[in-house]
Protein chains: 2
Amino acid sequence: METDPKPLVMVDAALFTIRNQQLCLILSRRKEPPFEGAFALSGGFVHVQEDSDTEMAARRVIRHKIGFDAPYLEQLFTFSGAARDPRGWSVSIAYYALIPWALVEGNSSISTFPVEEVPALPFDHGQIVAKAVERLRGKATYSSLPIFLLPAEFTMNDLHQIYEQTIGTRLDKASFRHKILEQDIIEPITGHFRVGAHRPAQFYRLSSKALTPFERKI
Amino acid sequence: METDPKPLVMVDAALFTIRNQQLCLILSRRKEPPFEGAFALSGGFVHVQEDSDTEMAARRVIRHKIGFDAPYLEQLFTFSGAARDPRGWSVSIAYYALIPWALVEGNSSISTFPVEEVPALPFDHGQIVAKAVERLRGKATYSSLPIFLLPAEFTMNDLHQIYEQTIGTRLDKASFRHKILEQDIIEPITGHFRVGAHRPAQFYRLSSKALTPFERKI
């Protein structure tokens, strides 16, 4: 059995949202040392008497920060070593989550930064963010992932924008529309349209097909 | 700071090889409780005074098992919770590695099982194996990964077989050859041929391009 000192075990979560048409990271200031007052990812120690596994620990930490369960949460990578945290040899199981901006807009304890303008972060949070952005952008191109950044009902235009903003490149509108409809990951909501200056725009929602394998885990 | 009991922190490694033209998992019998005598993955606790991070812990465990560093090692996923190990709430940072069969052929402390015929395994090792096979097969189709299952020098025929065996499906020989050469991940070794019953077969080796991003980490 184990005789060595045990590592510290924590979870850290990179929370993404789309704000002002830009992919942003949600950060908040640390309330305790080390690095008190610095912007950092949401994180915390695993509580073995409370958390059934590290994913539940990440959910607890995120819920504590934003007040509700993240619509999409995925394990990213585990970071570890003697140097990453001044408190000692530690393991951080890192996650990333997608949060629709409308759900956190009034939260005064969080700040958002476009992913290209994230400040220097304590610990190895900069590395965690870089890996999370890479994973999100890589996966966004072949999955329904960006849809989790939208409210439950959205137009084709909303969807096109959110894919462009998540991936970070322009996408031809006509071929995007064709590709999305072909994949059966969204479905029109019968009789439900956005009415405005232009012709009415059909509202869509995620189809049951989009929920596998990218299950909406609320 | 942390007051809760800390989780146990360990690494587990799924070692793959190609034997008798089949993708196989390398297992060995556990030498101590729990599950003493059962076939299981190679694993062990993280030693904070010895390992600089969990990857180095995985390398140490693998080196201890097979006598040398794994030519390819990648972090897979972190498994955790109160139930996965009878010794207590634990975190296992799981890795997978690719090992050319020629390098372990004489090792009497290991056994190989085709990935479709793996016996029931203790802990959550069955889940780890399932995820590792999925990752390896998914990644093999668009990377130089299977090459790490070969010796340093190989023919186009060797390479075609190893891709078929790793991915688990037939691949058209001519288009495979075309695709591989197009990607510049291998290069011919000038003047070096396998001579046999057929016409001489050119030997190849990994090109420097294949080493990024799938770096051969010896």
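**Exercise 1. State how many helices and strands chain A has, and give their order.**

Solution. Helices and strands are DSSP runs numbered from the N terminus: a helix is H or I over at least four residues, a strand is E over at least two. On that basis chain A holds 4 helices and 10 strands. Read from the N terminus, the order is β-β-β-β-α-β-β-β-α-β-α-α-β-β.

The model is predicted: local features need pLDDT of at least 70, side-chain atom pairs count only at pLDDT 80 or more, and totals for chains, interfaces and linings use all residues. Residues are numbered from 1 along each chain as its sequence is written, chains are lettered from A and ligands numbered from 1 in the order in which they are written, and side-chain values use heavy atoms, with hydrogens and water left out.

**Exercise 2. Decide how the radius of gyration of chain A compares with the globule rule.**

Solution. Step one is the rule: 2.2 Å times the number of residues to the power 0.38, with the radius of gyration itself taken over C-alpha atoms. For 218 residues the rule gives 17 Å, and chain A has 19 Å, which is close, so chain A is as compact as a globular protein of that length. Step two is the box: along the principal axes, the C-alpha atoms of chain A fill roughly 65 × 35 × 30 Å.

**Exercise 3. Describe the burial, contacts and charges of chain A.**

Solution. First, burial. A residue is buried under 20% relative accessible area, exposed over 50% and partly exposed in between (1.4 Å probe, protein chains only). Of the 218 residues of chain A, 53% are buried.

Second, contacts, meaning heavy atoms within 4.5 Å. Taking contacts in chain A between residues at least 6 apart in sequence, 63% join residues at least 24 apart.

Third, charges. Lys and Arg count as positive, Asp and Glu as negative, while His and the chain ends are not counted; each charge is placed at NZ of Lys, CZ of Arg, CG of Asp or CD of Glu. Chain A has 25 positive and 25 negative side chains, and the centres of the two sets are 4 Å apart.

**Exercise 4. Classify the ring pair A:Y72 and A:F148, and say which parts of chain A the pair ties together.**

Solution. Rings of Phe, Tyr and Trp (its six-membered ring) pair if their centres lie within 6.5 Å; planes under 30 degrees apart are stacked, over 60 edge-to-face and the rest tilted. The whole structure has 14 aromatic pairs over all chains. For A:Y72 and A:F148 the centres are 5.4 Å apart and the planes stand at 40°, so the pair is tilted. A:Y72 belongs to strand β5 (residues 72-81) and A:F148 to the loop between α2 (125-140) and β8 (154-155), so the pair ties together parts that are 76 residues apart in sequence. Both A:Y72 and A:F148 are buried. One aromatic cluster is formed by A:F16, A:Y72, A:Y96 and A:F148.

**Exercise 5. Locate A:R84 and A:Q165, and decide whether each is buried or exposed.**

Solution. Begin with A:R84, in the loop between β5 and β6 (90-98) of chain A. Its relative accessibility is 8%, so A:R84 is buried. Not counting residues up to four places away in sequence, A:R84 touches several residues, including A:D12, A:D124 and A:F123. A:Q202 lies 118 residues from A:R84 in sequence and 49 Å from it in space, C-alpha to C-alpha.

Next, A:Q165 sits in helix α3 (residues 156-167) of chain A. With a relative accessible area of 13%, A:Q165 is buried. Leaving aside neighbours within four places in sequence, A:Q165 contacts A:I18, A:Q21, A:L23 and A:R137.
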